[in-house]
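Visitor: I am new to reading protein structures. Could you take me through one, feature by feature?

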2 protein chains.
Amino acid sequence: MVYGISMSQSDSTTKAANNLHRELARGSAELAVLALLASGRCYGYELLKRVRERGGPMVEIREGTLYPLLHRLEDAGMVASEWVTEGRARPRKYYVISGAGREHLALLAAEWRELIEGIGSLLDHIEEERS
Amino acid sequence: MVYGISMSQSDSTTKAANNLHRELARGSAELAVLALLASGRCYGYELLKRVRERGGPMVEIREGTLYPLLHRLEDAGMVASEWVTEGRARPRKYYVISGAGREHLALLAAEWRELIEGIGSLLDHIEEERS
DNA sequence: CAAGATGCCTTGTTACACAAGGTATTGTGT
DNA sequence: ACACAATACCTTGTGTAACAAGGCATCTTG
């Protein structure tokens with residue numbers, strides 16, 4: 001009505017409410033993957049499982065997210081990859097973090113801490129007002 | 001080359017490294033705005049200043065981000081708006097958080113805590129390996 | 001022999017963040 | 001009087017990550 005958009009309110013409301021939690025975790029996939037690779041080399045499918053085990057419900061990574069991410073990181077020189085065939089198993093593409101990758105991880109982790117602090121201070125503020 | 005974009009690799013590398021910190025903070029704008037509005041009504045320009053003061057360097061919000069966000073929140077019923085003209089000053093559009101907005105804020109805050117925990121457990125894990 | 005797990009990948013869609021631009025008023029410095 | 005910054009709202013176009021959905025191929029299990 002105000003902006004002349006031909007969309008019912010219930011639709012936009014539902015959409016907004018359902019999808020928003022995805023936005024919060026945006027960009028965290030990169031931090032998660034680099035953090036895991038800092039512990040040792042992994043192949044893609046392995047990363048998917050590890051994130052699922054240790055990352056909790058908000059850090060889920062899908063295949064359609066992970067593989068393009070790994071390719072971006074490799075193009076940027078943050079990781080290197082290597083195909084490994086063990087015995088009769090299917091070939092796996094192992095990823096290893098590079099020096100630049102570790103530096104970038106340190107930067108990302110620092111920014112992550114700053115973000116936590118910033119949001120935390122905004123959230124703490126409501127608590128004060130309400131008490 | 002890979003994506004058909006006429007961009008040298010050094011450019012794309014630089015770009016990736018520089019812009020990634022924006023991705024981490026993605027989606028946090030909504031949480032920040034709702035948190036501020038939970039303390040009391042605000043107008044847009046005021047929100048920009050408050051986030052700058054209390055949000056820290058990672059929670060910066062630009063005008064081109066804030067105003068569409070407020071409109072989305074209003075369309076979704078999370079906030080209500082009201083034009084107020086005080087004396088001879090320029091009219092201000094005040095936003096007030098709604099009941100649904102508070103519920104949504106609580107949900108977002110809970111998800112935020114889960115995200116912190118998940119990423120935290122992944123980051124702690126490297127510390128262990130390296131010690 | 002079918003179905004699921006393993007393991008890699010891509011294309012198309014969606015949604016947000018932002019740079020850049022616009023409009024208009026008020027206050028400040030010279 | 002005039003320029004400039006601050007106030008205060010807004011939009012369009014571009015970039016990009018996340019994802020759903022799909023594909024390919026092998027191995028294991030019922």
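**Reading a predicted model**

Guide: Start with one residue and its surroundings: leaving aside neighbours within four places in sequence, B:Glu46 is in contact with B:Arg41 and B:Tyr94. Keep in mind throughout that this is a predicted model.

Visitor: Where is B:Glu46 placed, and is B:Glu46 buried or exposed?

Guide: B:Glu46 sits in helix H3 of chain B. Its relative accessible area is 14%, and buried means under 20%, so B:Glu46 counts as buried. The side chain of B:Glu46 also makes a polar contact of 2.8 Å with the side chain of B:Arg50.

Visitor: Which other residues of H3(B) are buried?

Guide: Besides B:Glu46, the list holds B:Gly44, B:Leu47, B:Leu48 and B:Val51. The buried residues of H3(B) pack against helix H2 (28-37), strand E1 (42-43), H4 and E3 of chain B. Just after H3(B) comes B:Gly56, with a positive phi of about 80°.

Visitor: Now the whole of chain A. How many helices and strands does chain A have?

Guide: Chain A has five helices and three strands. Along the sequence they follow the pattern α-α-β-α-α-β-β-α. Of the 131 residues in chain A, 40% count as buried. Contacts tell you how the sequence folds back: among those in chain A between residues at least 6 apart in sequence, 49% join residues at least 24 apart.

Visitor: Which residues of H4(A) are buried, and where do the buried residues of H4(A) fall when seen down the axis?

Guide: First the general idea. An α-helix has 3.6 residues a turn, so residues three or four places apart point the same way. In H4(A), the buried residues are A:Leu66, A:Leu69, A:Leu70 and A:Leu73. Seen down the axis of H4(A), they fall within an arc of 100°, so they line one face of the helix. Their packing partners are helix H2 (28-37), helix H3 (44-54), strand E2 (79-84) and strand E3 (92-97) of chain A. Just after H4(A), A:Gly77 has a positive phi of about 80°.

Visitor: How many residues of H2(A) are buried?

Guide: Ten of its ten residues are buried, and H2(A) is mostly covered. Among them are A:Ser28, A:Glu30, A:Leu31 and A:Val33.

Visitor: Which residues come nearest to DNA strand D?

Guide: Of the 25 residues around DNA strand D, the nearest are A:Arg26, B:Tyr43, B:Tyr45, B:Arg92 and B:Lys93. Sugar and phosphate make up 70% of the atoms of DNA strand D that come within 4 Å of the protein.

Visitor: What kinds of residue form the surface near DNA strand D, and which element supplies the largest share?

Guide: That surface divides into six nonpolar, six polar and 13 charged residues. The largest share, four residues, comes from H4(B). Elements that each supply at least two residues include H4 of chain A, and helix H1 (9-24) and strand E3 (92-97) of chain B.

Visitor: What is A:Ile116 in contact with, leaving aside its neighbours within four places in sequence?

Guide: A:Ile116 is in contact with B:Trp112 and B:Ile116. A:Ile116 lies in helix H5 (residues 99-130) of chain A and, at 25% relative accessibility, counts as partly exposed.

Visitor: How far apart are B:Arg22 and B:Glu60 in sequence and in space?

Guide: They are 38 residues apart in sequence, and their C-alpha atoms are 9.5 Å apart in space. B:Arg22 belongs to helix H1 of chain B and is partly exposed, at 45% relative accessibility.

Notes. Residues are numbered from 1 along each chain as its sequence is written. Chains are lettered from A and ligands numbered from 1 in the order in which they are written. Side-chain values use heavy atoms; hydrogens and water are left out. Buried means under 20% relative accessible area, exposed over 50%, partly exposed in between (1.4 Å probe, protein chains only). The arc is that of the directions from the helix axis to the C-beta atoms. Contact means heavy atoms within 4.5 Å. A residue is near a molecule or strand if one of its heavy atoms lies within 4 Å of it. Ala, Val, Leu, Ile, Met, Phe, Trp, Tyr, Cys and Pro count as nonpolar, Asp, Glu, Lys and Arg as charged, and the others, Gly among them, as polar. A polar contact is a pair of N or O atoms within 3.5 Å; within protein, one must be able to donate a hydrogen and the other to accept it, and residues adjacent in sequence count only if both atoms are side-chain atoms.
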